[in-house]
Amino acid sequence: MLYRRLGRTDEKVSILGFGTMRLPVIGGDDTRVDEEKSIEMIRYAIDSGVNYIDTAYPYHGGMSESVLGKALEDGYRDKVYIATKLPSWLVASRKDMDRYLNEQLERLKTDSIDFYLAHALNSDFWDLVKKHGIFDFLDSALEDGRIKYTGFSFHDSPELFKEIVDSTRGLYVRYSTTLWMKISRQEKTV
């Protein structure tokens, strides 16, 4: 497996990550994850050198994080970086952010999340999390060690992307391929 330094961090992550948005399910029901098959797949990936695992609060009706937590038992947690995401659209207060993060830590059976992203930011969700103190929340969670790096996933215009990046004070950034393609096209036509 090849590894690369991730952004401005000193973390070496595998060039291939494992996403848990589409784990095997039972009977076509997205909320009924086949835990045995999923754990086997996740551990096979880790045993093969994958050390970056991506999940999120809503994946599989909330089961993705729980299944990943089980897969990372027996010493597997020490072999990987976990990325998960704050459900931005569900935030109704500053306390909600702490509540979701603490619930995610329990689901994942860990004391710390390596990469914690504000999920699916667009103009509505960006305004929502700003209103409820996203930067205070992230600073607090970084300081108390519940998260190691922060960032966001994104689905909106290049202008909003720039606004968010400019406001993040150099925090770790994750962007969508679609946006990158839009920005690249615009740069070529300018």
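**Reading a sheet and its helices**

Tutor: Let us begin with one pair of residues in this predicted model. Lys85 has Leu117 as its bridge partner in strand 8.

Student: Which residue of strand 8 is the bridge partner of Leu86?

Tutor: Leu86 has Ala118 as its bridge partner in strand 8. As a general idea, strands of a sheet pair through backbone hydrogen bonds, either parallel or antiparallel. In the present case, strand 7 (residues 81–86) pairs with strand 8 in the parallel sense, over 4 bridges.

Student: In which sense do strand 8 and strand 9 pair, and over how many bridges?

Tutor: Strand 8 (residues 113–121) and strand 9 pair in the parallel sense, and 6 bridges join them. Within strand 9, Tyr149 is the residue that stands opposite Phe115.

Student: In what order do the strands of the open sheet follow one another?

Tutor: The open sheet has 5 strands in the order 3-6-7-8-9, with parallel pairing. Strand 3 (18–19) and strand 9 are its edge strands, each pairing on one side only. Helix 5 (residues 134–143) packs on this sheet and touches strand 7, strand 8 and strand 9. The direction of helix 5 makes about 150° with that of strand 9.

Student: How should I read burial for a single residue? Is Ser112 buried or exposed?

Tutor: A residue counts as buried when its relative accessible area is under 20%. Ser112 has a relative accessible area of 11%, so it is buried. Ser112 belongs to the loop between helix 3 (94–108) and strand 8. Setting aside residues up to four places away in sequence, Ser112 touches Arg77, Leu105, Gly145, Arg146, Ile147 and Lys148.

Student: Is Val13 buried or exposed?

Tutor: Val13 is buried, because its relative accessible area is 7%. Val13 is found in strand 2 (residues 12–14). Apart from neighbours within four places in sequence, the residues in contact with Val13 are Leu2, Tyr3, Arg4, Leu6, Asn51, Tyr52 and Tyr81.

Student: How far apart are Val13 and Val80 in sequence and in space?

Tutor: Val13 and Val80 are 67 residues apart in sequence, while their C-alpha atoms are 8.5 Å apart in space.

Student: Which residues make the contact between helix 1 and helix 2?

Tutor: Helix 1 contributes Glu35, Ser38, Ile39, Ile42 and Arg43, and helix 2 contributes Met63, Val67, Leu68, Lys70 and Ala71. By type, the residues of this contact comprise 6 nonpolar, 1 polar and 3 charged.

Student: At what angle do helix 2 and helix 3 pack?

Tutor: The angle between helix 2 and helix 3 is about 45°, with the axes 7 Å apart. Helix 2 is therefore oblique to helix 3. In this contact, Glu65, Ser66, Leu68 and Gly69 of helix 2 meet Gln104, Arg107 and Leu108 of helix 3. These residues divide into 2 nonpolar, 3 polar and 2 charged.

Student: How do helix 3 and helix 5 pack?

Tutor: Helix 3 and helix 5 pack at an angle of about 40°, their axes being 9 Å apart. The crossing of helix 3 and helix 5 is right-handed. Arg94, Met97, Asp98 and Leu101 of helix 3 meet Ile134, Asp136, Phe137, Ser140 and Ala141 of helix 5. The residues of this contact are 5 nonpolar, 1 polar and 3 charged.

Notes: Residues are numbered from 1 along each chain as its sequence is written. This is a predicted model: local features need pLDDT of at least 70, side-chain atom pairs count only at pLDDT 80 or more; totals for chains, interfaces and linings use all residues. Side-chain values use heavy atoms; hydrogens and water are left out. Two strands pair if DSSP finds at least two bridges between them. Helices (H or I, at least four residues) and strands (E, at least two) are DSSP runs, numbered from the N terminus. Buried means under 20% relative accessible area, exposed over 50%, partly exposed in between (1.4 Å probe, protein chains only). Contact means heavy atoms within 4.5 Å. Ala, Val, Leu, Ile, Met, Phe, Trp, Tyr, Cys and Pro count as nonpolar, Asp, Glu, Lys and Arg as charged, and the others, Gly among them, as polar. Axes are lines fitted to C-alpha atoms, for helices over the stretch in contact, and angles run from 0 to 180 degrees between N-to-C directions. A crossing is left-handed if the near helix is turned anticlockwise from the far one by less than a right angle, and right-handed if clockwise. Angles under 35 degrees count as roughly parallel, over 145 as roughly antiparallel, 65 to 115 as roughly perpendicular and the rest as oblique.
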